[in-house]
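Visitor: I am new to this structure and would like to learn how to read it. Please show it to me, and then take me through its features.

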Amino acid sequence: MNTRKVRFITGLALGIVLAVLPFFVNNYWTDVCVSIGLYALLALSLNVILGQAGIFHMGHAAFYAVGAYTTAILNTMFQWPIFWTMPLAGLAAGLVALVVARPIIHLRGDYLLIVTIGIVEIVRIALVNDIFGITGGSNGIFGISRPQAFGFRIVKSIHFYYLVWGMCGISLLLFHFLWNSRFGRALNYIKHDDIAAEGCGVDVSHYKLMAFVLGAFWAGMAGTLYSAKMLTIAPASFNFMESVIIFAVVILSGGSQLGVLVSAFLFIGLPEVMRGLTESRMLFFGLAMMLMMVWRPQGILPPLPRVYKKALARAQALAREKSE
Amino acid sequence: MSSLLEVASITKIFGGLVALNEVGFTVEKGSIVGLIGPNGAGKTTVFNCITGNYVPERGDILFRGQSIKGKKPHTVVEMGIARTFQSIRLFGKLSVLENVLAGRHCRLKSGLFSSLFHTPAQRREEEEAIERCLEELKFVGLESHWEDEAGALAYGSQRLLEVARALATDPELIILDEPAGGMNDQETASLVDVIAAIRARGITVLLIEHDMRLVMRICEKLVVLEHGNLIAQGDPATVRSNPDVIEAYLGTDDGDEEY
């Protein structure tokens, strides 16, 4: 069996397991899976920036925070229903990304990394200092209401489970389309060699910026889900460590979407599974990471080459013309 | 009728070094022009000024009578000037077809939304782009390798792939930086055919080349640089008999100029 088939079957199996999982596990594990789903969503969005375009961005928690706070503020102050705030949370995060990324997007590799760490700190400190008097300082915002759709109130863990993983499913599909398009290819060209990409006619800074804004938009929407699940949000939830975890999930994944899911499960789920080891669990986790770096430095599942079905038929036709 | 490309006495300075000193020449539409000179003469610097990678301190560069000085490289490509790189810069891990699609990129229109939602217009455009790119591959004789990883191609084929990628941008002027570099005789011979075929398509060619036989055979006009100065220009026969050119060429013929 070729790799593509193996991956397809793995993905399908994972999908089926995810679809029925809440019926077989208790509330605690359902909650763990909701948390994994949120990280998966964040990592999928960061994958557009880091995995596809190769932009070293370690400040994704900043956009997550902007989204979460947008929802919290609109909901608690203006009584907007949660789902209505979602597009706005995305737009707010995307706008912040546009403003902060524009002057720094031309920076290379590690330089950009340092600036993006700065972004997440600036956002956190701004929130702690109760910026504009609407973020509630270090206590954050509480009293966020439950989301409601078509008269159905999303309250229980199992509801959130399907909400979050449903969103992951949609994201997987859309980002798959994106990857198989002119846009997705442009990001890959930039990742491989930005000078060659520019020399071929790809507007490098435009595409880098668009990747950034799109990733931030998605992280903002994930922030809405987080607010709705937690009911209370505080700046401490969006610290630098969160950014590092999301970053590590993407790096560990290798860059494919299935890889991101597997990686999110390993990263967030494994420490939970190892809870029995109490004090030493982070030690084992660290060891697992090290072994991973030794044996599979390219990540768990690097993306496979794109498939061009249309090209195959056309190339065969060309070959026939030639032989005649 | 003005020239397709006019390099109007450009000067480029790196630190204290004058890399180009008031270099000026023209490229007429439909011609094949060769830019030659010893190593370090500034040939690639001229190319980088034309393609927008460098901005000359003085002088101007006109394409179809319009200044392109200071324009970004991708804008220059959109305007109709495509290039290849001296040190091959393919996307080695991507397929041959995808490399050509990179060149096609600037002629396609699908944006973020049509890509995310996989609209019918986007799919149709993809199909057309793929078809066109396969034709460019066929043009350089690489169509059977379309699925291969670009980095795995033979050296000469990689150079041809760069040419195909440049052609996919629908250029009016194609700039080839040492297209025969590292090629064997047989590969060079097929390159000559490709260059002739490019011109037959109505595309103007400007090339840097060290292989003098190739240059003398295919170029209608030569421009000779030495130490950043233009020392001669004209048809191959005249240039070859120019005493300055003969002097400049004595004993210096190989090595590499960095991109």
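**Reading the sheet, a helix and the interface**

Guide: In chain B, six strands make an open sheet of mixed pairing, in the order β6-β7-β8-β3-β9-β10. Strands are DSSP runs (E, at least two residues), as helices are (H or I, at least four), numbered from the N terminus; two strands pair if DSSP finds at least two bridges between them. This is a predicted model, where local features need pLDDT of at least 70, side-chain atom pairs count only at pLDDT 80 or more, and totals for chains, interfaces and linings use all residues. Residues are numbered from 1 along each chain as its sequence is written, while chains are lettered from A and ligands numbered from 1 in the order in which they are written.

Visitor: Which strands stand at the edges of the sheet?

Guide: β6 (81-83) and β10 (229-234) of chain B do; each has a single partner strand, so one side of each has no neighbour in the sheet.

Visitor: How do strands β3 and β8 of chain B run, and how many bridges join them?

Guide: β3 (residues 32-36) and β8 (residues 204-208) of chain B run parallel, joined by four bridges. B:V33 is opposite B:L206 of β8(B).

Visitor: How is a residue judged buried or exposed?

Guide: Count the other C-beta atoms, placed from the backbone, within 10 Å of its own: 20 or more is buried, 12 or fewer exposed, and in between partly exposed. A:Y69, in helix α3 (residues 60-78) of chain A, counts as buried because it has 28 C-beta neighbours inside 10 Å.

Visitor: Which residues is A:Y69 in contact with, leaving aside neighbours within four places in sequence?

Guide: Contact means that the C-beta atoms of two residues, placed from the backbone, lie within 7 Å. On that basis A:Y69 is in contact with A:L127, A:T135 and A:I233.

Visitor: What covers the buried residues of α6(A)?

Guide: Those buried residues include A:F160, A:W165 and A:F175. Their cover includes α1 (3-20), α2 (27-52), α7, α9 and α11 (257-273) of chain A, together with α4 (112-116) of chain B.

Visitor: How many residues of each chain are in contact across chains A and B?

Guide: 33 residues of chain A are in contact with 37 residues of chain B. On the side of chain A that touches chain B, α7(A) has the largest share, eight residues. By class that side has 19 nonpolar (Ala, Val, Leu, Ile, Met, Phe, Trp, Tyr, Cys and Pro), eight charged (Asp, Glu, Lys and Arg) and six polar residues (the others, Gly among them).
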